[in-house]
Amino acid sequence: MIRFFLAVIFAIILVSPPIDNYLDVVMARHVLIQIPSLLLLGYLAGIKKDTSGFNPYGLSGLIFFTGTIIFWMIPRSLDNAVLFNSIDQIMHLNMFTAGFFLRSSISLIPFMVKGVYLIQSIAMSTALGVLYLNYPSWVCAVYTIEQQKETGCGLLFVSAVVFLLFVFWIIKTLKK
Amino acid sequence: MRYKFFKWIFPIIVLITWALILYWWTLGFKALTVFSYSLKAAGALPRAVPNISLVNHLGKNIDISTLKGKYIIVNFIYLNCPSVCHFVSSKIAEVYKNIEKSNKNMLEKLVFITVSFDLERDNPDLLYHYWLHHGALKEWQIAAFMPNEAPFIRPKLEKIGVYIFRKPNGQYNHTIYMFLIDTKGEIVNVFDPSGDAEDIAIDIFKVIK
């Protein structure tokens with residue numbers, strides 16, 4: 001319960017105007033700090049409860065999480081989140097709840113599905129990083145080309161780190 | 001058995017809901033950026049171009065409607081752009097030279113117009129220097145909106161399918177597409193200048209028979 005309240009409090013601080021504005025104005029901060037932080041805080045606030053009755057193999061939580069990520073990675077969605085406060089708040093809530101539901105789903109997801117999902121996610125974020133680095137024009141209307149390239153670099157770095165962690169996780173799981 | 005089926009209903013509903021939301025938001029998975037969204041939202045091709053009154057780099061007034069009878073490639077920039085607009089202009093110069101090299105007669109039917117939407121800063125003098133810098137190509141006009149068009153610039157650009165966003169520092173992010181207007185004054189094709197200049201020239205040839 002304490003973990004839940006702490007996560008909610010930190011999430012509220014993260015989306016409060018001065019911090020939210022600071023994070024929203026730069027693409028790398030928005031994509032690489034605010035969004036993952038909200039997902040993580042939602043996950044930490046989540047409850048490990050048996051939801052297999054309506055969440056077979058964790059699918060409902062995984063689909064909701066995936067849909068959330070896909071939707072808010074669309075450049076137009078990011079633009080609207082920066083331009084319109086109401087859409088920004090919807091994004092914050094959506095990210096938090098996606099992390100929240102993922103917590104109760106993750107233990108239900110089979111090992112192979114987790115593995116394949118992670119590989120796909122790493123591949124997608126690498127592809128996105130390459131696109132942001134190399135595309136000669138803006139994908140988002142509210143950010144500059146330089147910010148786009150920075151975000152591309154950041155995504156490639158994060159993909160590499162996640163890949164290494166994934167390899168350690170596989171080795172650790174196989175050793176068991 | 002019934003219970004086993006029931007537990008699958010929820011993830012199916014979540015999947016269908018997200019698929020529908022994404023389909024709606026991206027106009028059928030075809031518009032991921034505000035630029036492509038504005039283009040699609042402007043309507044299907046061919047579509048009419050609103051009448052636009054411009055002043056070109058030679059200080060001459062031109063009306064898009066008076067150029068009916070010629071094919072027009074039009075795109076939109078502003079001269080204080082730090083990078084992208086100059087990349088697009090360089091690409092246009094490449095396309096022009098490609099057409100000139102392959103079929104010079106085509107240039108009698110075709111005119112390139114690059115329009116600045118930055119009324120505050122871009123005047124005919126600056127447009128002229130920009131035209132000189134990019135090769136002073138005969139059938140390429142660098143123009144700006146007439147001052148009396150100021151209240152109508154955004155609605156007219158929206159009708160064409162162009163999105164512009166002015167950032168707090170005075171810079172703009174905007175659509176970079178090139179629009180091919182036929183002799184009847186209708187947009188018949190849209191090109192992404194990030195593509196190959198030769199491919200763009202070939203696509204233009206296909207339309208201008």
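Modeller: Let's start with a term: pLDDT is the predictor's confidence in each residue, on a scale from 0 to 100. We need it here because this is a predicted model.

Biologist: What is the mean pLDDT of chain B, then?

Modeller: Chain B averages 91, and 98% of its residues reach 70 or more. For the complex, the predictor gives an ipTM of 0.90 and a pTM of 0.86.

Biologist: How should I read the contact between the two chains?

Modeller: The size of an interface is often given as the accessible area lost when the parts come together. Here, about 2700 Å² is buried between chain B and chain A, and carbon and sulfur atoms give 74% of that area.

Biologist: Which three residues of chain B supply more of its buried area than any other three?

Modeller: They are Trp18(B), Trp25(B) and Asn173(B), which supply 24% of the area that chain B buries against chain A. In residue terms, the contact takes 29 from chain B and 32 from chain A.

Biologist: Now to helix packing. At what angle do the axes of H4(A) and H6(A) cross?

Modeller: An angle over 145 degrees counts as roughly antiparallel. The axes of H4(A), residues 59–73, and H6(A), residues 85–106, cross at roughly 150 degrees and come within 8 Å. H4(A) is therefore roughly antiparallel to H6(A). The crossing is left-handed.

Biologist: Which residues of H4(A) meet H6(A)?

Modeller: From H4(A), they are Gly61(A), Leu62(A), Phe64(A), Phe65(A), Thr68(A) and Trp72(A); their partners in H6(A) include Ile90(A), Asn94(A) and Phe101(A). By class, this contact has 11 nonpolar, 5 polar and no charged residues.

Biologist: How far apart are the axes of H4(A) and H7(A)?

Modeller: Those axes are 13 Å apart, and the packing angle is about 0 degrees. Angles under 35 degrees count as roughly parallel, so H4(A) and H7(A) are roughly parallel to each other. Leu62(A), Phe65(A), Thr66(A) and Met73(A) in H4(A) meet Val113(A), Tyr117(A), Leu128(A) and Tyr132(A) in H7(A). These residues divide into 7 nonpolar, 1 polar and no charged.

Biologist: At what angle do H3(A) and H8(A) pack?

Modeller: H3(A), residues 27–45, packs against H8(A), residues 145–175, at about 25 degrees, with the axes 8 Å apart. That makes the two roughly parallel. From H3(A), Met27(A), Ala28(A), Val31(A) and Leu32(A) take part, and among their partners in H8(A) are Gln147(A), Glu150(A) and Val158(A). This contact has 6 nonpolar, 4 polar and 1 charged residue.

Biologist: Let's look at the backbone of chain B. Is the peptide bond from Leu45(B) to Pro46(B) cis or trans?

Modeller: Omega tells us: it is near -5 degrees, and the bond is cis. Pro46(B) sits in the loop between helix H3 and strand S1 of chain B.

Biologist: Is the phi of Leu27(B) positive or negative?

Modeller: Leu27(B) has a positive phi of about 50 degrees, although it is not a glycine. You will find Leu27(B) in the loop between H2 and H3 of chain B.

Biologist: One last stop: where is Val207(B)?

Modeller: Val207(B) belongs to helix H7 of chain B, residues 197–207. Beyond its neighbours within four places in sequence, Val207(B) is in contact with Tyr71(B), Leu180(B), Val188(B) and Asn189(B). The C-alpha atom of Val207(B) is 27 Å from that of Thr33(B), which is 174 residues away along the chain.

Key
Residues are numbered from 1 along each chain as its sequence is written. Chains are lettered from A and ligands numbered from 1 in the order in which they are written. This is a predicted model: local features need pLDDT of at least 70, side-chain atom pairs count only at pLDDT 80 or more; totals for chains, interfaces and linings use all residues. Side-chain values use heavy atoms; hydrogens and water are left out. Axes are lines fitted to C-alpha atoms, for helices over the stretch in contact, and angles run from 0 to 180 degrees between N-to-C directions. Helices (H or I, at least four residues) and strands (E, at least two) are DSSP runs, numbered from the N terminus. Angles under 35 degrees count as roughly parallel, over 145 as roughly antiparallel, 65 to 115 as roughly perpendicular and the rest as oblique. A crossing is left-handed if the near helix is turned anticlockwise from the far one by less than a right angle, and right-handed if clockwise. Contact means heavy atoms within 4.5 Å. Ala, Val, Leu, Ile, Met, Phe, Trp, Tyr, Cys and Pro count as nonpolar, Asp, Glu, Lys and Arg as charged, and the others, Gly among them, as polar. Buried area is the accessible area (1.4 Å probe) that two parts lose on being put together, summed over both.
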